[in-house]
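Morning, everyone. Please bring up the model on your screens. I'll talk about where two chains meet.

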Protein chains: 2
Amino acid sequence: MANLGSNDQRVLTTLKKSNKPLSAYDILDRTRSAALKAPVQVYRALQKLEKRGLVHRVEALNAFVACCDDHHGLHRPGFVVCRDCGVAREFEDKRVARVAEDAAGPDFLIETISLEIYGRCAPCRAAA
Amino acid sequence: MANLGSNDQRVLTTLKKSNKPLSAYDILDRTRSAALKAPVQVYRALQKLEKRGLVHRVEALNAFVACCDDHHGLHRPGFVVCRDCGVAREFEDKRVARVAEDAAGPDFLIETISLEIYGRCAPCRAAA
DNA sequence: GTTGCCTTCGTTATGATATAACATTACGGT
DNA sequence: ACCGTAATGTTATATCATAACGAAGGCAAC
């Protein structure tokens, strides 16, 4: 596959600078001055970045995060997400793959696994 | 909390008749003749049904399914979803809660857990 | 170098999902 | 009947995502 283009770089940089998941439109807002003018450019970049494991989508937020890991290839981590502060912490746990295989059964071909945990992080609970 | 209203019943019935997850707008289409006229009515019903565990949201599909289980209270099952035929099979696995607790840590208050497994089911693979 | 092809990128428009804001109606308690 | 609360209805709008098409750039064959 081709190398990252300048749009891809800009989107990735924007995500890396954020400590929270960003929606495609958040990214667009932050890069509009730079170069990106339309949602589709952001989505195209995100799609390419996700294919390479540089970015992950957080399904329940319709948002995206840079992979915390620099970088050992494709994986599908889980996320722990605070509903208050919005921070999403990436994690991996080998048990997830086993649970998934048991649930799916031997004849189901697993392509992706999404595990997302929502709640309140300790700092936000303390502040409340 | 109050009982289910007629809109809630209609939405729940519609979901039960479907063997696949339905989006809010799918539900709206199928109930428009009956009574529901606007998205917000469907979303309100879904919200109430979800609170009671009668319906689950499948995050990565932006869609909803009736709980397969008639009915022992709140739970947060996982789903195995076929990308071809769209069928979502509900399952539960106690290991998920443990993985989630370990990932979140002792000071994180877990509210919901979403585990979704995507791929191809056996019949669809055979057909392809 | 120029032709043809493929991939990327830009632009416009539109489709799909979800909620805000506020008016109206239904209904139980007293 | 009166009030308060919950449910419902209506309109408008916010948010998320992709379709369709054309222009620009790279690259190999000739």
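Here is the interface between chain B and chain A.

Some ground rules. This is a predicted model, where local features need pLDDT of at least 70 and side-chain atom pairs count only at pLDDT 80 or more, while totals for chains, interfaces and linings use all residues. Residues are numbered from 1 along each chain as written, chains are lettered from A in the order written, and side-chain values use heavy atoms, without hydrogens or water.

How many residues of chain B are in contact with chain A? There are 35, and they touch 35 residues of chain A. Contact means heavy atoms within 4.5 Å. The buried area is about 2900 Å², with 56% from carbon and sulfur atoms. That is accessible area (1.4 Å probe) lost when the two parts are put together, summed over both.

Now the polar side. The rule finds 20 residue pairs in polar contact across the interface, both residues at pLDDT 80 or more. A polar contact is a pair of N or O atoms within 3.5 Å; within protein, one must be able to donate a hydrogen and the other to accept it, and residues adjacent in sequence count only if both atoms are side-chain atoms.

Which element of chain B gives the largest share of the side touching chain A? Strand E5(B), with 12 residues. Strands here are DSSP runs of at least two residues, numbered from the N terminus. By class, that side of chain B has 19 nonpolar, four polar and 12 charged residues. Ala, Val, Leu, Ile, Met, Phe, Trp, Tyr, Cys and Pro count as nonpolar, Asp, Glu, Lys and Arg as charged, and the others, including Gly, as polar.

Terms used. Helices (H or I, at least four residues) and strands (E, at least two) are DSSP runs, numbered from the N terminus.
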